[in-house]
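Here is a short briefing on one protein model with a ligand. Please look over the sequence and the structure first.

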Amino acid sequence: MGISTDAAVRIAEIENDGYTIIEGVMSTDLMQRLRDELAPFCQGDYLGRNNFEGTSTERVYALLAKAPSIAEIIEHPRTLELIDQLLPKNYLLSAALSILVHPGETPQPFHYDDGIAGLPVYKPRPRFGVSTIWALDDFTENNGATEVIPGSHRWPEDREPDEAEIVKVLMPAGSVVVFDGALIHRGGANTSTTDRLAITPQYCNPGLRQIENMVLAVPPEIAGQYSERIQNMLGYNIIEPSFMGYVDGVHPKRLIDQNYQGRKYRAELPPS
Ligand SMILES: O=C(O)CCC(=O)C(=O)O
């Protein structure tokens with residue numbers, strides 16, 4: 001089946017500018033459920049430990065283990081329609097965290113999300129990841145809206161952004177920005193008097209290591225309750241023909257679904 005005209009236009013925007021903003025994707029009901037599920041973890045106990053996390057920012061990691069409604073945005077058809085075109089089949093969930101930026105927060109260091117430690121690969125290069133940031137509050141001029149450097153996903157590794165090149169991602173609550181993993185960006189300063197809450201699911205090429213170790217972050221009994229698509233993205237999947245991702249010689253889904261019909265353990269095979 002072909003992709004919609006809207007998706008084709010947005011993919012061209014991501015290829016060219018590095019990002020696209022989709023408004024009105026989250027219902028008020030979903031936003032309220034996410035807020036309610038996150039509230040117990042946003043009581044001041046998880047303030048950032050450095051300038052990257054933000055010392056006036058609360059980040060909650062391992063979200064699929066804590067806030068089940070996040071599954072609805074991780075596998076949202078509007079964003080996956082784009083990511084299905086931008087990353088190879090069997091792409092993984094690399095990170096999924098909430099970011100609550102309090103008043104007084106300073107700008108984050110510029111960075112991009114799909115950097116790979118330890119491999120001699122430099123920009124410009126093939127896309128390794130796609131990130132999304134979902135706004136649960138309006139992203140305004142002064143409350144810490146994400147700031148992007150348009151076109152920087154195509155830059156050479158050593159080009160540094162200039163403050164004059166910043167574009168603020170201004171969007172109403174309920175919107176999402178989808179961007180190339182190599183796009184330079186940062187969380188902005190929050191000089192307002194109100195909080196800014198966002199959730200950022202990030203996806204990566206299936207051959208790469210996830211930023212958060214998802215099969216450890218989400219206990220198997222919880223992973224077993226999610227859709228097959230989410231389970232695959234967590235890592236309960238194999239990539240053929242190399243059988244990459246196996247556990248003890250069988251399909252990892254056997255660990256969360258006893259009835260899963262994957263490759264059998266030796267003991268299950270009839271005697272030869
Ligand atoms: O909070 C934001 O707007 C951006 C955060 C971000 O880019 C990150 O932590 O990787």
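The points below cover a helix pair, the ligand site and some backbone features.

This is a predicted model, in which local features need pLDDT of at least 70, side-chain atom pairs count only at pLDDT 80 or more, and totals for chains, interfaces and linings use all residues. Residues are numbered from 1 along each chain as its sequence is written, and side-chain values use heavy atoms, with hydrogens and water left out.

**Helix pair**
- The axes of H1 (residues 5–16) and H4 (residues 77–86) come within 10 Å and cross at roughly 60°.
- Axes are lines fitted to C-alpha atoms, for helices over the stretch in contact, and angles run from 0 to 180 degrees between N-to-C directions.
- Helices (H or I, at least four residues) and strands (E, at least two) are DSSP runs, numbered from the N terminus.
- H1 and H4 are therefore oblique to each other; angles under 35 degrees count as roughly parallel, over 145 as roughly antiparallel, 65 to 115 as roughly perpendicular and the rest as oblique.
- H1 contributes Asp 6, Ala 7, Arg 10, Ile 11, Ile 14 and Glu 15 to the contact, and H4 contributes Arg 78, Glu 81, Leu 82, Gln 85 and Leu 86 (contact means heavy atoms within 4.5 Å).

**Ligand site**
- Around the ligand are Phe 52, Arg 59, Ile 99, Gln 108, His 111, Asp 113, Ile 133, Thr 146, His 185, Gly 187 and Arg 196, each with a heavy atom within 4 Å of it.
- A polar side-chain atom of Arg 196 is 2.7 Å from a ligand oxygen atom.
- For His 111, a polar side-chain atom lies 2.9 Å from an oxygen atom of the ligand.
- An N or O atom in the Asp 113 side chain is 3.4 Å from an oxygen atom of the ligand.

**Backbone features**
- The peptide bond from Lys 123 to Pro 124 is cis, with omega near -5°.
- Pro 124 sits in the loop between strand S3 (92–101) and strand S4 (129–135).
- Glu 240 and Pro 241 are also joined by a cis peptide bond, with omega about 5°.
- Pro 241 lies in the segment after helix H7 (228–234).
- Phe 243 is found in the segment after H7 and has a positive phi of about 65°, although it is not a glycine.

Definitions and conventions: A polar contact is a pair of N or O atoms within 3.5 Å; within protein, one must be able to donate a hydrogen and the other to accept it, and residues adjacent in sequence count only if both atoms are side-chain atoms.
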